[in-house]
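Visitor: I would like a walk through the pockets, cavities and interfaces of this model. Please keep it brisk.

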Amino acid sequence: MPARNHSQWLAKPKLEGGEWIDSRVYSDQNVFDDEMERIFKKVWIPVCHESELPKPYDFRTTSIAGEPIIIARGPDNEVRAFLNVCPHRGMLLERRPSGSFLEGQPSGNPKRITCMFHAWQFDMKGSCVYVAREKEGYQDRLCKEDVGLRRLRCEVKFGGFVWVSLDDNPKISLEDWAGEPFDCLRKSIDAEPLEVFHYHKAIIDTNYKLWHDTNSEFYHDFMHYHNRVTGFNDAYFARKNFAFKHGHVVVGTFEVNYENYEGFESRGALSFPHLPPNQWYMVDLFPGMNFNLRGSALRCDVVTPLGPDKVMIEFRGLGLKRDTPEERETRINHHNSIWGPFGRNLHEDLIGVAGQGTTMRPHTEPRQILHGRHENQTIHDEIGMRHYYDEWGRWMDRLPNDPDQPWHERNPGESAEAAE
Amino acid sequence: MHKNGHDAASVVRDTIYRATMALDDQKWEDWLDLCDENFHYKITAFSPEINKDMIYLQGQRKEVETLVRLLPKHNTDHSPLRRHTSVYTVDVADDMSTASAVSSFVIYQNMLDGVNSHLDSGESRLFLIGKYHDTFKLEDGKAKFVKREVRLDNRRLDKGSHWPL
Ligand code: FES
Ligand SMILES: [Fe+2]
């Protein structure tokens, strides 16, 4: 068809309902606000890795759906999560990204989480252990036993990641949430302790789902010279996408020919435990987490949506904790060659989603985004996105191709929230 | 300082500034001409988030050559990078055969693409800051880079880059 006029441009595509979505899903502020309430405050998010707080009293800070969070390792070695909010007058308890509560702070004692403002102190279980001039100010009306921190659901699982849910009573256990998609990796990432060696973040003017889409579709291989020369062969095109309940997708493995990119080497010698050489698995978890194991290095992306057109993506790279310095350096090189901030692929992926973000700013004209490729669920089939938006519709009670319409009316008999 | 030591230090300084100009102009070969056969290039950063020294990219001269030669095959942000380098210290070895230098750099992105080139092109944005830790071989009145460590202060790298810094 030649270039289209306005009404042709806006006409519904000749595809089935689930094969395209409305761009307002990516650009509308109300949709975004609902996503924070209905999805991000309900699901399990891997906020960091246990190796980032290896010793008792180590901490990390993070946030989910705008709520600041502290992760702390207790003297009992348990990793716990709390809101990073002082129960007194709402000061942020810990301002640094990481550190140790073993050191005393100007306002407080060692081994305590101290609020710098009025010196209330908390232990590693979140109990309040000190209120300055408690009796003088509160007499018997309020005591430290009444003002503990807000504890959050927290589990260390699937390769040592620290998973947190803001929902006190998650409808789905973490095991039921992600156990099945992780089956393909579990033996490899749970055989022995892992360790983070890479961290960087990007803040991109785009919708978080566009990043997840990119991680869920391989049709964009065409923009990666690296993937074209190391991948395109029969085994690659036979690679399957597997849809799991709760909106997750796994991309099945095949053997990558890294040597076909000049200067790159096989990763066989440093494969993760139980993983045949140069295999490549990818786990995409709803609503925006990605675990990507390319033989010798594991990558994990976590999105923190900041607005309909803004997302922070945190990138981690992991190896085995017992790596020798030489092994570690090789893993790091493998990781960086494609995935590092100066690697061959990541830059291209980020340019791609930033460009989508530019055309889908809030208040731009709604249009259709096509997810309609069917190729027997193999690598260039867009089943990953179709599966995701089906789940998204349930959680949001919005139709992905008409987001002002409730999902449940078109899907009578099915429960609107997949979680139930 | 010995007169020759003084000369050697200014040769080192000159070489660092020439490298800055070659990199700004994306004249990768000119840049590599300033580097020894055994040149090693490395971009590093310390992450307080994970409490680790990190390597973001590294390679021997041959790998860097391949990297820049394959650049046209890759999709890259078009906004040129402009470096402001200040050489802080130059230390010439007693035998005058090697030298090391520490420079501070600020890299600006001179927007061409931006998020929306209609709005952003022509503007300059702070891209990266850090220090160059360079090691040189001194020979025939010339200084050749043997090692360059680009030590970044940034861990937020947004779109990142395909180009050497
Ligand atoms: S706000 Fe924390 S002690 Fe007052
Ligand atoms: Fe990609």
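**Pockets, cavities and interfaces**

Visitor: Which element gives the largest share of the lining of the second largest pocket?
Guide: This is a predicted model, where local features need pLDDT of at least 70, side-chain atom pairs count only at pLDDT 80 or more, and totals for chains, interfaces and linings use all residues. Residues are numbered from 1 along each chain as written, chains are lettered from A and ligands numbered from 1 in written order, and side-chain values use heavy atoms, without hydrogens and water. Helices (H or I, at least four residues) and strands (E, at least two) are DSSP runs, numbered from the N terminus. The largest share, 4 residues, comes from β5(B).

Visitor: What is the volume of the second largest pocket?
Guide: A pocket is an open set of points on a 1 Å grid over the protein atoms alone, with protein on both sides within 12 Å along at least five of seven lines; a cavity is a set where a 1.4 Å probe fits but cannot get out; lining residues have an atom within 4 Å of a point. Points are joined across faces, edges and corners, and the volume is the space filled by probe spheres set on them. For the second largest pocket that volume is about 470 Å³.

Visitor: Which residues lie closest to the centre of the second largest pocket?
Guide: Both β12 (194-204) of chain A and β5 (124-139) of chain B supply at least two lining residues. The lining has 19 residues, and the closest to the centre are Ile203(A), Gln109(B), Arg125(B), Arg156(B) and Asp158(B).

Visitor: How much space lies in the largest pocket?
Guide: Its lining divides into 9 nonpolar, 9 polar and 7 charged residues (nonpolar: Ala, Val, Leu, Ile, Met, Phe, Trp, Tyr, Cys and Pro; charged: Asp, Glu, Lys and Arg; polar: the others, Gly among them). α9(A) gives the most to this lining, with 7 residues. The space in the largest pocket is about 550 Å³.

Visitor: Which residues are closest to the centre of the largest cavity?
Guide: The structure holds 4 cavities of 30 Å³ or more. About 150 Å³ lies in the largest cavity. It is lined by 16 residues, the closest to its centre being His220(A), His224(A), Trp280(A), Asn292(A) and Asp349(A).

Visitor: How many salt bridges cross the interface of domain 1 and domain 2 of chain A?
Guide: Chain A is divided into domain 1 (45-155) and domain 2 (188-419), with bounds from an automatic or database domain assignment. The contact (heavy atoms within 4.5 Å) takes 9 residues from domain 1 and 10 residues from domain 2. A salt bridge needs a side-chain nitrogen of Lys or Arg within 4 Å of a carboxyl oxygen of Asp or Glu. Across this interface the rule finds 1 salt bridge.

Visitor: How much area do chain B and chain A bury between them?
Guide: The contact takes 34 residues from chain B and 35 residues from chain A. Buried area is the accessible area (1.4 Å probe) that two parts lose on being put together, summed over both. Carbon and sulfur atoms carry 57% of the total, which is about 3,300 Å².

Visitor: Which side chains meet in a salt bridge at 2.6 Å, N to O, one in each chain?
Guide: The count between chain B and chain A is 1 salt bridge. The side chains that meet at 2.6 Å, N to O, are Glu262(A) and Arg69(B).
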